[in-house]
Amino acid sequence: MATDAQETDAITGHVADGLAQLVRHAIPSARDIQFTGLTRSAGGLSRENWSFDATWNDDCGFHMHRLMLMRDASGTLLKTERRREFDVLRALEGSAVVAPAVFWMDPDGQFLGAPSLIMERVSGHCDYMVLNGARPLEERLELAHTFLRLLTDIQAIDWQARGLGSSLGVPAGSPSQIALGEWEAEYRRVQLEAHPELDYVLAWMRRTAPQAHEIVLVHGDFKPGNALIEGTRITAKLDWETAHLGDPLEDLGWITNPVRRREHQIPGHWERAHIVEAYTRLTGRVVDDTALTWWNVFSCWKLAVIQLTAVNEFVSGRYNRVFQTPSWLFRPMLQMMERAA
Amino acid sequence: MRPSVEEQLLGTCRILETVVAPAVAEPFARTILDNLIANLRMVTEALPAVPGFLRWDNAATLSLLQDMRSALPSGLAANIDAALETAENDMLESAAQTARNDLLRALLAEAACNPDLSPDLHRAIQDHMIARASRVPMRYVPSATPSSTRS
């Protein structure tokens, strides 16, 4: 019988073999390919993250890179496309947005067994709760401003000039209705039982969906946990698999969502009103509070659907963490709906 | 009946924590194990409350549907009538309570989205949903390790 260590070695061996095949496919003249320190990190709910150093020789000479492999987990919270993330990362190269350089993609898992992406391993630390951690308030506030500046840098990307219109698709209609359509389809795909609360909120969102005044690049899961930090500097924004073109208020609604305030806000110093004021100062956009509240509700609803995806995957035997029906999100959604009425 | 279900579940948690977990060195597997143990503890605590919750929810949902009945299309109202008339036989059995809960919640999902509901009915729906959410025994257990180093 294989031990845990033997099984881990076997999996690591398969990943190393797949990586070598992928490099040879991408660079036919590559030889002497070596990977060192190939290890899977504990983080990542939707994907396996593997870090490693790679060296090889090819017709251009010797290469040495610190790399990261992101491979879809067998069961995952988000059904996403590697190509979308690859295209966005390529488009962001040379822009004001800090993001890792992307190397190769295995979109259908031909080499690595599951859709995968290989990108530069940027130095830095990932901390979901950095805004409410042990750092002094001054540092946390500086970081909060830096995160917001990054969000506005993403929104300032000239997506047309960088070719993202063709790769991500320009919304043909209201971004809020399109987002609802996409996430309702996911909801219907994964729901295992009736959820009157989610149907009720969905019906309200359909009736009250706001119009967008601009179309910008939306990250789709903007949070400190998707960034690397050194000191008070963000070294990279990660996890672009849900990026799309949409309403500027979508990412702003995600970070002002009251149920995620411990990740995004600092009590008394960096709350919804402070964030909106700073956002308006940085972008010149006046934020419609009712529309922003709609996006707050949408953020909660989307989060609920992501959790139902996990429930479905767990029940199907494809996901190794237990999630529950997200009842804890129902009350805040209903309260926000009432406030927006 | 000893060990009771609760004793067995708690004992399993203890053994996983004290015997198995220290031997799991691989970080990813350890994270998974820690989450499973935390969830098992939550289930152990929540399990005794499930039958009472289902009884309360079935009664409250049925009462709300009765209040909404006159504002709903005839087909849906007829389905609510049918649910009302269904004999609540052997409602002490957990599976029967669960099946009735599934039926009533499916009716509520349809009824609550009706565009012609009065403000009072909307208020009643929201009050019910908030009350129910506060009573659900099974709770999401957050990830054991929310922070990680990716460098």
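Student: Which residues does Val297(A) touch, not counting those up to four places away in sequence?
Tutor: Val201(A), Met205(A), Met333(A), Met336(A) and Met337(A). Touching, or contact, means C-beta atoms, placed from the backbone, within 7 Å. Bear in mind that this is a predicted model, where local features need pLDDT of at least 70, side-chain atom pairs count only at pLDDT 80 or more, and totals for chains, interfaces and linings use all residues. Residues are numbered from 1 along each chain as its sequence is written, with chains lettered from A and ligands numbered from 1 in the order in which they are written.

Student: OK, how is chain A divided?
Tutor: Into domain 1 (4-120) and domain 2 (130-340), with bounds from an automatic or database domain assignment. Their C-alpha centres are 27 Å apart.

Student: And how many residues of each domain are in contact?
Tutor: 18 from domain 1 of chain A and 25 from domain 2 of chain A.

Student: Switching topic: how many residues does each chain bring to the contact between A and B?
Tutor: Chain B brings 32 residues and chain A brings 34.

Student: Which element gives the largest share of chain B's side?
Tutor: H2(B), with eight residues. That helix spans 27-46; helices here are DSSP runs (H or I, at least four residues), and strands are too (E, at least two), numbered from the N terminus.

Student: What else on chain B supplies at least two residues there?
Tutor: Helix H5 (94-112), helix H6 (119-135) and strand E1 (147-148) of chain B.

Terms used
Two residues are in contact if their C-beta atoms, placed from the backbone, lie within 7 Å.
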